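Please keep the structure open while reading.

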Amino acid sequence: MNIQMVDLRGQYLRIKDEIDAAVAQVLDSSHFIRGPVVSRFEVALAEYTKAEYAIGVANGTDALQIAYMALGIGPGDEIITPSFTFIATAEAAALLGAVPVFADIDPDTFCLDPASVEACITPRTRAIVPVHLFGQSADMDPITALASQHNLAVIEDNAQAIGGTYKDMPTGSMGTMATCSFFPSKNLGAYGDGGAILTSDPELETQSRMITNHGGRHKYRNEVIGLNSRLDALQAAILEVKLRHLESFTERRRTAAAYYHSLFEDVDEIVCPHEAPWGRHVYHQYVIRVKKREELVNSLSQAGIPHGIYYPVPLHRQPVFGGESNQKVLPETERACDEVLALPMHTELTPAQQELIAEKVIDHTTHLIYA
Ligand SMILES: *Cc1c(COP(=O)(O)O)cnc(C)c1O
């Protein structure tokens, strides 16, 4: 049985005719940068996420940087982010001279713990950046309450949770701004790099759009310092097709997650992902917790079962942010880094594959020998 962590080819074959036609249309039009296909995708994405505006950019990391730039975040400013996330969330701020201040996570959801966020607020704080990790929304109400109390922006890093909800609101629609990544393995994945910024503020939309295109609204008139960060038309055409399938893809992920839950239900040593009552988890990753992870990982590697560790080292322990000498202590973040294990999760996963994965995980976790 050929089990993969993510099966992009299998998903492509499912929608091949539509994708091939969309790509052929772009090639035929030879309109490769910006243009009507990109605009159409931006409108569809805004509609789907219930943000007023969507702006296509080159990737999710640029989306974060441009959002920070549009908000005027710069040298000496602090942003509060989780340490338990992908480096881009903090890196994009640090690149602008801002200081990422790392808050701890809620152990159930792996997302920002609002109490820890509050303890990180200083007079230099400019923004809170919750990450909707693994496909589940952070607890946004207390975060937005803190933000309005202290006059801070909220930027949702929605790279992993497009299609997710919080109290019936789509992830990406609640912050001052939000960012998406269309990296191929993300829930809405392009066939190359891509990203987007979401906002409902017209001034932030104008500012962001200028920054993506050399800081100008009109050719050869540059108003602010910008970048070249555009979503290309081929990727937009592919994403337009895939966005139409996103709801059914999400349901496939949720069905697979429910099946994993049922397979692991009676095993005390395995902690399954917790679905918070406030919204829809879209399972970018299916992440369990186990105590003896190293042994389990070795056994799974030997058994040919793919797995991943997101994330093995928290950002505040990365060499670039002080490494081992960083005095910050984030107990839940550090425990999560030691315990998490991601199992294969994608739209093409079959029940038979899941049964084999679960059998191996359970065998090696409980040290039972099955025939
Ligand atoms: C993937 C990801 C990003 C970066 O997106 P790219 O498109 O790879 O630049 C940022 N934040 C999080 C949480 C991510 O998972």
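## The largest cavity

The largest cavity holds about 70 Å³ of space. Thirteen residues line this cavity, and those closest to its centre are Val6, Leu8, Gln11, Lys186 and Arg253. Two elements give two or more residues each to the lining: helix H1 (8-14) and helix H9 (233-264). By class, the lining has three nonpolar, six polar and four charged residues. Note that this is a predicted model.

The structure holds two cavities of 30 Å³ or more.

## The ligand site

The ligand sits in the largest pocket. It is surrounded by 15 residues, and the closest are Gly60, Thr61, Asp157, Ser181 and Lys186. The shell around the ligand divides into five nonpolar, eight polar and two charged residues.

Helix H4 (60-70) and helix H5 (88-94) each supply at least two shell residues. H4 gives the most, with three.

Which atoms lie 2.5 Å apart? They are a polar side-chain atom of Thr61 and an oxygen atom of the ligand. For Gly60, a backbone N or O atom lies 2.8 Å from a ligand oxygen. Lys186 places a polar side-chain atom 3.0 Å from an oxygen atom of the ligand. On its own, the ligand has 390 Å² of accessible area, and the protein covers 92% of that.

Key. Residues numbered from 1 in each chain as written. Predicted model: local features only at pLDDT ≥ 70, side-chain atom pairs only at ≥ 80, totals over all residues. Heavy atoms only, no water. Near = heavy atom within 4 Å. Polar contact = N/O pair within 3.5 Å; in protein donor to acceptor, adjacent residues only side chain to side chain. Areas by Shrake-Rupley, 256 points an atom, 1.4 Å probe, with all protein chains shown as cover. 1 Å grid on protein atoms, 1.4 Å probe; cavity = no way out; pocket = protein on both sides within 12 Å on 5 of 7 lines; lining within 4 Å. Sits in = over half its atoms within 2 Å of the grid points. Helix = DSSP H or I, 4+ residues; strand = E, 2+ residues; numbered from the N terminus. Nonpolar A, V, L, I, M, F, W, Y, C, P; charged D, E, K, R; others polar. Points joined across faces, edges and corners; volume = space filled by probe spheres on them.
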